[in-house]
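Please have the sequence and the structure at hand.

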Amino acid sequence: MALKSKHLLGLEGVTREEITEILDTAATFKEILQRPIPKVPTLRGKTVVNLFYEDSTRTRISFELAEKRLSADTVNFSASGSSVKKGESLRDTVRNIAAMKIDMVIVRHRSAGVPLFLTKCIDASVINAGDGMHEHPTQALLDMMTLREKYGTLDGLKVAIIGDISHSRVAGSNMRGLKTMGAEVLVCGPQTLMPRDIETFGVGVCHSVDEAIGWADALNVLRIQLERQDAGLFPSLREYHNEYGITRRRLEKAGRDLTVMHPGPINRGVELENDLADSEFSVILDQVTNGVAVRMAVLYLLSGAEEAVS
Amino acid sequence: METYITTPVLLSGGALLDLQTNERHPVDLVVRNGRIDRIGRQERASFNGEVHDISGHLIVPGLIDMHVHLREPGREDEETIESGCAAAMAGGFTAVCCMPNTNPPCDRQEVVRFIKKRSEDQLVEVFPIAAITKQREGKEITEMADLLRAGAVAFSDDGSPVQNAAVMRHALEYASMYGALVIDHCEDEPLSASGHMNEGRMSTRLGLAGIPDISEEIMIARDISLAEYTGGRIHIAHLSTRKGVERIRRAKEAGIQVTCEVTPHHLALNEEMLSQYDTNLKMGPPLRTPSDQEALLAGLKDGTIDVFASDHAPHSAEEKEVEFSAAPNGILGLQTMLGIVLSKVVQPGVLSLADALTKMIITPRTILRLEVPQIREGEPANFTILNPEKTWTMNLGVNRSRSRNMPYFGWTLPGVLWGVCNKGRLWIA
């Protein structure tokens, strides 16, 4: 089975069957990654561009590794040291790259809607690696894969997303994907970091992290950006940690088996207590491993869709 | 086709629309030496001059659009006074008021004179709106007396609204000495901050920073207080929110001098249409919700909203064909305003044809204290001839602007224009 669309712009509109297909395929690729030679010829002859207009270490490396494991040819384009600095428009840059005959583009941009914009400029498959405050679908897929591995199903699972909801594309994709897969979602954070009308996503909203911990099976803890303090959205990192920081004490008080996820990079001592990332609660490194498998699955399924079309 | 009226012209078989009663009176109309020479029955055969059959069309005083951007001087690649006037004619207008956000800005009398001079030869009259503050920086008020003498008809900092209430107070006080109108684009800048669309369910879904409706409401409330306190005349540009309509309705009930306009865009379009991140739907104020649209229609119906204005805002393709957050605000509006008003306001029965046209003919001129053209024997010939029921389709071929940033291509609209007449010239569409 292939995916309906030849692009992955977000999880909005992606069906339960499609997400299941991606996660099942990712599980297969994860096995391949354990082999002595973790490489398959699936995308041999395909060219993939990693177009990163925003700094990224782990997402870019994860995509690049997934591409290489599938034997694709890869090109990296990052905003620094490129024609972006020379004032070339996004449209021109992309059309130029596409003229070099590209099959897939992985794009990250600070502006929401850019992946969609690219689909209107070029013929290649476009995968969103994070657009502004909108979506980051592969992150949500790898989060769901990690949860499914641990709990067997996402149906009825209680997931609390904690932190800066309004600026988070990770939250944007997780809310959509988890709801589609039948999970219950609660968003928790200060009201100043809560987007307007968020409840229309069908999620619960709360401002007490203890309440969220008391309710949830799993916590997806978001990174807090220091610039939000500069913008006056919370008073200090100290207060943020006091009110929303996830600590061992808080988790143990719940007296249940709880899973802590984080999309990285972690601000240790702020949203997560210092050693919590390394504790028995954490599945953060599983997330990283699953990230490669999920991205392989997406690349494979989208390239298949493209073949079916041509 | 634009011609100077050298020989007498007979416009035969049309009807006058009475803007008071909405009644249509079949007439023949003769124009001689740029004036209306005769209204009544006139045999075509015995007429010595040019004859045009305009049967099926209505004659109304020339329309005015009190909020346009002509981009000259500064961005002649996007629009010129000439191309803007061409779009205005094609939209049925015989007059426009142009906003001061040019380069250099219209904040001194030389720029006012330049615009007057450059528009001298146009059929369309161009009335410059000068800046409230020097460089539109919101700090020091402009030389208003000098600007008025040069031909400015009102003051506005439009897209860079005066944030400092004391500066706005002084501007209203100073302008009120001359009875001059101050037009405000109501937006609290820190509240709007880096927003790109209306804040709410859709901005959250699209991941775009939002502009809350209270950003408009708060500034309207401030301006109303200042108008009441100073006795100045304030006009609220492009009203877009339910809350704003409410504020103005109450202010009018309290007898405070405040008027306002609405654009066709905020009536025809809403934020629900933004799911494709189309930059031709990006404007300031942003497209709002269907509930705000209902409130705007109600405000038109009960007279809270005085004027239709297009906020015609040409932008180059390079500037608009970019990611949503990088695109500038504004879309074209001159050629489609009449059609949108007819389809969204008149056809659904919100306003009669006469009442809708009044908001594009009489009220704007009354607010600006400009003379209202009369269709009477002996008066200058300043009128628009249209068929309000017949439809046409907007496409690139009929676009007369130098830019093409509008979402209306492919739209079929009512209101076919036969032509406009003004300043001794007749333009036939």
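How many residues does the contact take from chain B and from chain A? Chain B gives 17 residues and chain A gives 20 residues. The model is a predicted one.

**The interface**

The size of an interface is often given as the accessible area lost when the parts come together. Here chain B and chain A bury about 1,500 Å² between them, and 56% of that area is on carbon and sulfur atoms. On the side of chain B, the residues that lose the most area to chain A are B:Thr204, B:Arg205 and B:Glu323. Together these three account for 35% of what that side buries.

The rule finds 2 salt bridges across the interface of chain B and chain A. In a salt bridge, the side chain of B:Arg205 meets that of A:Glu12, at 2.7 Å from N to O. Polar contact across the interface involves 8 residue pairs. The side of chain B that touches chain A divides by class as follows:

| Class | Residues of chain B |
|---|---|
| Nonpolar | 6 residues |
| Polar | 6 residues |

**Helix α2 of chain B**

Helix α2 of chain B spans residues 109-119. Which of its residues are buried? B:Val111, B:Val112, B:Ile115 and B:Ser119 are buried. Seen down the axis of α2(B), the buried residues fall within an arc of 105°, so they line one face of the helix. An α-helix has 3.6 residues a turn, so residues three or four places apart point the same way.

What covers the buried residues of α2(B)? The cover includes helices α1 (81-90) and α3 (144-150) of chain B, along with strands β8 (93-98) and β9 (125-130) of chain B.

Technical notes:
Residues numbered from 1 in each chain as written. Chains lettered and ligands numbered in written order. Predicted model: local features only at pLDDT ≥ 70, side-chain atom pairs only at ≥ 80, totals over all residues. Heavy atoms only, no water. Contact = heavy atoms within 4.5 Å. Buried area = accessible area lost by both parts, 1.4 Å probe. Salt bridge = Lys/Arg side-chain N within 4 Å of Asp/Glu carboxyl O. Polar contact = N/O pair within 3.5 Å; in protein donor to acceptor, adjacent residues only side chain to side chain. Nonpolar A, V, L, I, M, F, W, Y, C, P; charged D, E, K, R; others polar. Buried < 20%, exposed > 50% of the residue type's maximum accessible area, 1.4 Å probe, protein only. Helix = DSSP H or I, 4+ residues; strand = E, 2+ residues; numbered from the N terminus. Arc of directions from axis to C-beta.
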